[in-house]
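Hi there,

Here is the structure I promised to pass along. Please have a look, and you will find my notes just below it.

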Amino acid sequence: MNKNIKILAPDLPESVNNAVILKWHKQIGNIVQEDELVVEIETDKIILEVSSPVSGILHSQNMSTGQSIQSQSILGYIQPIEKKSNIFNTKNYSTQKNNERDFFTPKMRRLITNNEINKVMIKGIKIKKKITKDNFIFKKSCILNKKNQNKKENTNFLSEKIINNDTSSRTRSCDRIAMNPLRKKISERLLSTIQNTAMLTTFNEVNMKPIMLLRNKYGDYFKEKNGIKLGYMSFYVKAVIHALKKFPDMNASIEGTDIIYHDYYDINIAVSTPRGLITPVLKYANHLSMFEIEKKIKSFSVLGQSGKLQLKDLESGTFTITNGGVFGSLFSTPIINPPQVAILGMHHIKNRPVVICNKIKILPMMYLAISYDHQLIDGKQAIQFLNCIKDTIEDFSRIIIDI
């Protein structure tokens, strides 16, 4: 009789403080193929997929949903199937594909998602009846159909309870659920920030009409050339980097009693996901074009909604931008993302009466908010930094001539 094979949890980096079993995709007795998804692990940062090490039958589950795990924990066992067995050829096998080239490993599925590759156009070399990251060929022009992207299911939901509307027999109920690791981590970090930083927020407002005119003038050409919409965030990122170069303290971080100055610009972009707010990083953002910034942010949004962001997408970061305006927020005080020392909040663009040269005009205005750690940043620096961002957004040519 074949010896059962362990299903092991992946090695978790030191930055991950908590991990639990999120969902078993296979139940005891189910047939699985090698590299097929068996179980998902939820950390305080991302969701990790664990695939079957061999083809066989899921013999046991050592961990239940919601149970905490560590690196290399034994999650369960697979009973391997002898090669001569025809069990994988049965019509009832749930994972049998009509076309074997459609069976991809987890790494391959992430590669397809990250690069927006059309699976139908992939030409692969079959190795052990699967296409892997290292043995496929595809055309760069193969882009996923946007409609298919919109059909991704949100698996993180709570069922609704139906309450009797009869006032004579009305009932009241409540659900108690454990806080997921990401929400727990967010809570811990927010409390830590409040307790360990001298956080202040200063505000300004910016006239968005110049940026709107640029988008109206070049938006169609930009989309035609790059295949992606010209949004506001690429302008914000460019303006922030321009200001950070002039005020290096804003791009620093505090570690204990040390101040760390960075000669690079890794910009965290706050992204809303079904599991909570996360901040993936635009690494070396000063070297990215407007198109590259927009493409990367869109990718973060898609991966965040499907829970496919990787740890490398969340590591590092020297400054954070959060845009509550996409949800209609007019005004807010963002909380610093430690060990960073500042965070910029963008808000809803709204037509308002403003006085320009002693005349009242209706202009599309947006409030800016910069929260900063007073342990390192003085009020004067923060105000000048915010003014620099305001001036750059209102006159984007400042970036070209560096003033």
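**Prolines and backbone**

Proline 339 is found in the loop between β17 and β18 (helices, H or I with at least four residues, and strands, E with at least two, are DSSP runs numbered from the N terminus). The peptide bond that joins proline 338 to proline 339 is cis, with omega at about 5 degrees.

Before going on, some housekeeping: this is a predicted model, in which local features need pLDDT of at least 70 and side-chain atom pairs count only at pLDDT 80 or more, while totals for chains, interfaces and linings use all residues. Residues are numbered from 1 along each chain as its sequence is written, and side-chain values use heavy atoms, with hydrogens and water left out.

Two residues have a positive phi without being glycine, as follows. Asparagine 358 has a phi of about 65 degrees and is found in the loop between β19 (350–356) and β20 (359–373). Its relative accessible area is 78%, so asparagine 358 is exposed (with a 1.4 Å probe and protein chains only, buried means under 20% relative accessible area, exposed over 50%, and partly exposed in between). Aspartate 402 has a phi near 55 degrees and sits in the segment after α8 (397–401). At 52% relative accessibility, aspartate 402 also counts as exposed.

**Rings and charges**

How many aromatic pairs does the structure hold? There are 7 (rings of Phe, Tyr and Trp, the last by its six-membered ring, pair if their centres lie within 6.5 Å; planes under 30 degrees apart count as stacked, over 60 as edge-to-face and the rest as tilted). One of them is the stacked pair of phenylalanine 203 and phenylalanine 331, at 4.5 Å centre to centre and with 25 degrees between the planes. Phenylalanine 203 lies in strand β10 (residues 199–207) and phenylalanine 331 in the loop between β17 (319–323) and β18 (342–346), so the pair ties together parts that are 128 residues apart in sequence. Phenylalanine 203 is partly exposed at 33% relative accessibility, and phenylalanine 331 is partly exposed at 44%.

Ring pairs also bring in Tyr367, which forms a cluster with Phe203 and Phe331. Over the face of tyrosine 367 lies arginine 352, at 4.1 Å from the ring centre (a charge sits over a ring if NZ of Lys or CZ of Arg is within 6 Å of the ring centre and within 35 degrees of the ring normal). Arginine 215 lies over the face of tyrosine 232, at 4.1 Å from the ring centre.

**Buried isoleucines**

Isoleucine 186 belongs to helix α3 (residues 181–196) and is buried, with a relative accessible area of 16%. Its C-alpha is 8.0 Å from that of leucine 277, although isoleucine 186 and leucine 277 are 91 residues apart in sequence. Isoleucine 389 is in helix α7 (residues 379–394) and is buried at 1% relative accessible area. From isoleucine 389 to tyrosine 236 the C-alpha distance is 8.1 Å, across 153 residues of sequence.

**The cavity**

Searching the whole structure turns up 1 cavity of 30 Å³ or more (on a 1 Å grid over the protein atoms alone, a cavity is a set of points where a 1.4 Å probe fits but cannot get out, and lining residues have an atom within 4 Å of a point). The largest cavity holds about 60 Å³ of space (a volume is the space filled by probe spheres set on the grid points, which are joined across faces, edges and corners).

Which residues line the largest cavity? They are Lys45, Ile46, Ile47, Thr273, Arg275, Ile278, Leu303, Gly304, Gly307, Lys308 and Leu309. By class, this lining has 5 nonpolar, 3 polar and 3 charged residues (Ala, Val, Leu, Ile, Met, Phe, Trp, Tyr, Cys and Pro count as nonpolar, Asp, Glu, Lys and Arg as charged, and the others, Gly among them, as polar). At least three lining residues come from each of domain 1 (5–80) and domain 2 (184–400), with domain bounds taken from an automatic or database domain assignment.

Best wishes

Notes
On a 1 Å grid over the protein atoms alone, a cavity is a set of points where a 1.4 Å probe fits but cannot get out, and a pocket is an open set with protein on both sides within 12 Å along at least five of seven lines; lining residues have an atom within 4 Å of a point.
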